[in-house]
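Here are some exercises to work through with the model open beside you. Try each task before you read its solution.

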Amino acid sequence: MPVTPADTPGDALAEAVLALLTGFPEARRCWVAYSGGRDSSVLLALLARLRPRLRMELRAVHVDHGLQPAAADWAEHCLRRCAGLGIPCDLHRVRVGPAAGKGPEAAARASRYEALAGLLGPGDLMLTAHHRDDPAETLLLALLRGSGVQGLAAMPQVAPLGAGLLVRPLLDWSRTELHGLVEPLALDWIEDPSNLDLSLDRNFLRARVLPLLAERWPAAGRTLARSAGHCAEAADLVERYAVQALAGVRGSRPGTLSVEALLGLDPGLCRAVLRRWIHERGFAVPD
């Protein structure tokens, strides 16, 4: 029996990605953040399949952090894979140095997003392969750190990045669902050995905690992600109130606040205003 397009592995996911991208009719260029790992390899393969139906230029970008001995080999793998698919791929090497208040993972992530943001022109899209398990992991990490609703908020599917937009088209799909496409799509990928390091909090949650939760509550990943979405809604409301209240407590000199006006606010709103003001001044909020 001949295979029809509907029978093709990943067809439903590809159509969902296409439906999302058609919501950006003004976009002229679509970038894929391609690490070479399983998740981004699936995303790249799906977009290569969709390319004839995309109304925008498709490109990939690989960011080499230089943190692993095999980093150069990984970059070569990504360039070779993209060449095989006929997708132009930019290689960016970044230097990850120590950052105040940030661990090595956070510093590498900040350097990576800075490089990705620099590529985007007005209206360009940067697609990453974050999936449904990622906000669940982030929520648990934030809870264990005592974060407020801002820290507990879900990853948005669309967010500003540089002159363009960051888009996460796979957030409705689990890691298991994505990895189930690797063999049918005949993908080869890079396995980062740091993912096996259980001294890293996120890896420990991914390898030990979430599988245990899923044994007892099979829908744990989905429900945690939904809770993160509720927190995102609450964080948005808090932010709006904080912006409004901040306008009324500014001091007589630029960049200052009136202590007297702050003390007149409800304590919760006062803290939200201080967080907003600290962000506005370009600083990280203290723990």
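Helices (H or I, at least four residues) and strands (E, at least two) are DSSP runs, numbered from the N terminus. The model is predicted, so local features need pLDDT of at least 70 and side-chain atom pairs pLDDT 80 or more, while totals for chains, interfaces and linings use all residues. Residues are numbered from 1 along each chain as its sequence is written, and side-chain values use heavy atoms, leaving out hydrogens and water.

**Exercise 1.** Find which helices supply at least two residues each to the lining of the second largest pocket.

Solution. Start with the term: on a 1 Å grid over the protein atoms alone, a pocket is an open set of points where a 1.4 Å probe fits, with protein on both sides within 12 Å along at least five of seven lines, and lining residues have an atom within 4 Å of a point. Next, list the helices: α5 (133-144), α7 (175-179), α8 (201-216) and α9 each qualify. Of these, α8 gives the largest share, four residues. Finally, look towards the centre: of 15 lining residues, Asp133, Ser174, Thr176, Ala214 and Gly221 are the closest to it.

**Exercise 2.** Describe how α9 packs against α11.

Solution. First the geometry: the axes of α9 (residues 220-246) and α11 (residues 267-280) come within 8 Å and cross at roughly 80°. Axes are lines fitted to C-alpha atoms, for helices over the stretch in contact, and angles run from 0 to 180 degrees between N-to-C directions. Therefore α9 is roughly perpendicular to α11 (65 to 115 degrees). Then the contacts (heavy atoms within 4.5 Å): Tyr241 and Leu246 are among the α9 residues that take part, and Trp277 and Arg276 are among those of α11.

**Exercise 3.** Work out the angle at which α1 and α2 pack.

Solution. Helix α1 (residues 11-21) and helix α2 (residues 38-50) have axes 10 Å apart, at an angle of about 70°. The two are therefore roughly perpendicular.

**Exercise 4.** Trace the strand order of the six-stranded open sheet.

Solution. Strands pair if DSSP finds at least two bridges between them. Reading across, the order is β3-β2-β1-β4-β6-β5, with mixed pairing. The edges are β3 (89-93) and β5 (158-161), each pairing on one side only. Inside the sheet, β4 (residues 125-127) and β6 (residues 164-167) pair in the parallel sense over three bridges; Leu125 has Leu165 of β6 as its bridge partner.

Methods:
Parallel < 35°, antiparallel > 145°, perpendicular 65-115°, else oblique.
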